[in-house]
Amino acid sequence: MSETAMSEISRRKALQVLGTVPAAAGISWTGAEAAQAHQHAEQARQAAADEKTAYEPKFFTKAEYATLGILVDLILPADERSGSATDAGVPEFIDFMLVDQPTRQTALRGGLRWLDRECDTRFGKAFAACAAAEQTAILDDIAWPEKAEAKGLSHGARFFSLVRDLTATGFWSSKVGVEDIGYLGNVPAPKWTGAPDEVLQKLGVSYDGLEKWYRPTDAGA
Amino acid sequence: MQVIESSKEYDVIIVGSGAGGGMAAYVLTKAGANVALLEAGALWDVAKDGAMFKWSYDSPRRGFGGKEKPFGEFDGCIGGWEMDGEPYTMAPGERWDWFRARMLGGRTNHWGRISLRWGPDDFRRKGIDGLGDDWPITYDDIKPYYDNCDRFIGIFGNNHASETGLHNEPDGIFQPPPKPRGYELLIKDACDKLKIPCVPARMSILTQPLNGRAACHYCGQCGRGCGTHSNFSSPTVLLPPAEKTGKLTVVPHAMAREVLSDDEGRATGVSYVNTTNGQETTLRGKIVVLAASACESARLLLNSTSPRFPKGLANNSGVVGKYLIDSTGMSVSGFIPKLVDLPSVNEDGVGGMHLYTPWWVDNRKLDFPRGYHIEIGGGRRMPGYGFMGGIEEHPGGSGGGYGKALKEEYRRLYGTGVGFALRGEMIPNKDSYCEIDPEVVDQWGIPVLRFHFKWSDHERKQAKHGQETFREIIQTMGGTVTTPWRDHDQDYGLEPGGRIIHESGTIRMGNEPKASVLNKYCQAHEVPNLFVCDGAPFVSQADKNLTWTILAFAWRTSEYIAEQWKKRSI
Ligand SMILES: Cc1cc2nc3c(=O)[nH]c(=O)nc-3n(C[C@H](O)[C@H](O)[C@H](O)COP(=O)(O)OP(=O)(O)OC[C@H]3O[C@@H](n4cnc5c(N)ncnc54)[C@H](O)[C@@H]3O)c2cc1C
Ligand code: SF4
């Protein structure tokens, strides 16, 4: 078997390819803490909505929140198919999750600080104050972990991957994201007809030979 | 403390309302018995309280469940691996993860509905390979009750024994199975090439209406509970007809503390604590049926001590708590380039796999006994919390990035993963058991369980074989394995004990009262009016999930109780 084992890309950790199991293990908070955090965040959202004012972050400072908004839109910008991460409410989602799951607070806050320090060293100003080209220059250095490591920027890469994951969850699980990605389920379907021909053709598979199992007269078949 | 003593004596008291308890309530009320059903959790009505058709964005947590909802925020189960106020302990250096449900219907509200009828060999393994013990009954004894479950509860699948030559995969009475999804056909294709059978799954989900329950509408959300009652859960299938008899009294929030018994060694009732207000109550019954889940039922017996039963009720043999078993579990995932850029289609289907692989290898050609089946997964599921996390490590991706190209990458790679889960047979061993922790109590003062658990090389070798096989399938599909190889020091990827949530074996049955607690009717050797209806009586596991067998045994046991009760012979 070892050949199969060897063909493994050893650095790869188990991927959340199925996207069904919550990614974060070992998060610890009591039920009461979670409920309270949830309630605070909800109250804040509601208050902001009622007053038609901007959302007031519960975890991030105003400056941090502004930086986060720029970052998430650089990660998932608007394009011809759908809006941007901020259009999909990603910053609000991340703010909520950090109150809900305090264990990531330090990594996020510290990461934003790392980013500002790096910008300050390079350009003499914080990330949010940088020109677009300066911002992308930094991202070019930390958005690909392997490249980043080679440049000694692994802390930046780690932070960026965390923000990218949170942005992806926040975006693709939003209404905007679900429609964009073409998830067509979560509806009652009177019949199950299997995969359509275009899919079968693309995959090079068919139901031929399986008639013995799936009789055409059966309901749902 | 004032203890309420009910004046009424029930014909039968059942503890626990899950698969086993629900079935006992159904059969016994139908037979005319007055039944009290004690349930530690709250009432829960899936049609009102379930989360069918909720979207991830309906919640600020986007489906993240945390400790309270380990299977996701919308999962239809109240319970978890850890519950506030209800601890359990482990012997130093050992691990057993214990999943518990606390609600009407227990774990049947969200279980996977994979319903695999066991075969003749599964009851006589010792006779075949000399390991473990044989059951006191044969497949023929239990077959009629499997048939009953197939007909009454409903199950889809097909009879494939004659086609595959797998004689230990008996025929059943099946509704039509749903056609495979695209990626499932691709998996089948690879399995065909490798001569691994891949056949319609067997799941207790209706594809045709049955007994007033609607057919499935293919929303893929069985784990949230089914608002149209199209899949099996105890409160939607077993309890309604029981309630209709007018003979059933459901007592929610009733945490059984002890089974009471008299000097003659007969059970006389159950004492419980009301978890909402702490009130202690004793309920009298002519017959007591335990179905609190295998470990909870063992705990109850061990905590029910008396001069006659100093080691716990019905436990002069000392066997209660011993031979704790779970299924083996191990998973491997892969990325399948062929699935990139597929047209958008609704792949929900039923809430689970449409195809699976039963155990197919002749053990005489292998260096380990017993087998496993393969559960397959994949597809374009509803995006939720954790969606495509770690994309920088994705073999189909560009190693990270941002911007429009990244957005496009998520679109391309969505739904391109497949997963294979091994579920196999563990051989009961002496080192795996539960006992009462001498020091720790739960919030009601009930002493808790302490677990001991060990895998042996029988299970490790099986997991190794599984890892090799799953990699082969993924590679035959032209894919890249994304799960690292796990070596012997990592048990070849075996999950910790308890993790597959198929706990059983702790109150085993047998013909020999010194080596078993229950006789072949799941009746205690030492206490004739005490029965067990969950997974605890199991003498061994099979490579097949256990709940269909819990249901069949609960039906058989309850029928026996009803006969004896009518004859007044217990
Ligand atoms: C996520 C998940 C997926 C699963 N998938 C499958 C599958 O696909 N196929 C399969 O065969 N099996 C599966 N299982 C296992 C299946 O759920 C169990 O085998 C089955 O529910 C066991 O039935 P039971 O009656 O023994 O216990 P339960 O269903 O757990 O019911 C026990 C009940 O007893 C109550 N109780 C406990 N202690 C007390 C007490 N002291 N007093 C009063 N009441 C008490 C509990 O609150 C609970 O309601 C799965 C389990 C889980 C969690
Ligand atoms: S997939 Fe079918 S059985 Fe499962 S919840 Fe949806 S309708 Fe019910």
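A salt bridge is a side-chain nitrogen of Lys or Arg within 4 Å of a carboxyl oxygen of Asp or Glu. The model discussed here is predicted.

Q: Which residue of chain B meets A:Asp79 in a salt bridge?
A: A salt bridge requires a nitrogen of Lys or Arg within 4 Å of a carboxyl oxygen of Asp or Glu. The side chain of A:Asp79 has a partner in chain B with an N to O distance of 3.0 Å. That partner is B:Arg411.

Q: How many salt bridges does the rule find across the interface of chain A and chain B?
A: Between the two chains, 34 residue pairs are in polar contact. For salt bridges across this interface, the rule gives a count of 6.

Q: What area do chain A and chain B bury between them?
A: The interface brings 94 residues of chain A into contact with 95 residues of chain B. Of the buried area, 62% is on carbon and sulfur atoms. The area buried is about 8,300 Å².

Q: Which helix gives the most to the side of chain A that touches chain B?
A: Several helices of chain A each supply at least two residues of this side, including H2 (31-51) and H8 (154-172). The greatest contribution is 9 residues, and it comes from H8(A).

Q: Is B:Arg460 buried or exposed?
A: B:Arg460 is found in helix H10 of chain B, and among the residues it touches are B:His488 and B:Asp491. Its relative accessible area is 16%. A residue under 20% counts as buried, so B:Arg460 is buried.

Terms used
Residues are numbered from 1 along each chain as its sequence is written. Chains are lettered from A and ligands numbered from 1 in the order in which they are written. This is a predicted model: local features need pLDDT of at least 70, side-chain atom pairs count only at pLDDT 80 or more; totals for chains, interfaces and linings use all residues. Side-chain values use heavy atoms; hydrogens and water are left out. Contact means heavy atoms within 4.5 Å. Buried area is the accessible area (1.4 Å probe) that two parts lose on being put together, summed over both. A polar contact is a pair of N or O atoms within 3.5 Å; within protein, one must be able to donate a hydrogen and the other to accept it, and residues adjacent in sequence count only if both atoms are side-chain atoms. Helices (H or I, at least four residues) and strands (E, at least two) are DSSP runs, numbered from the N terminus. Buried means under 20% relative accessible area, exposed over 50%, partly exposed in between (1.4 Å probe, protein chains only). Lists of a residue's contacts leave out its neighbours within four places in sequence.
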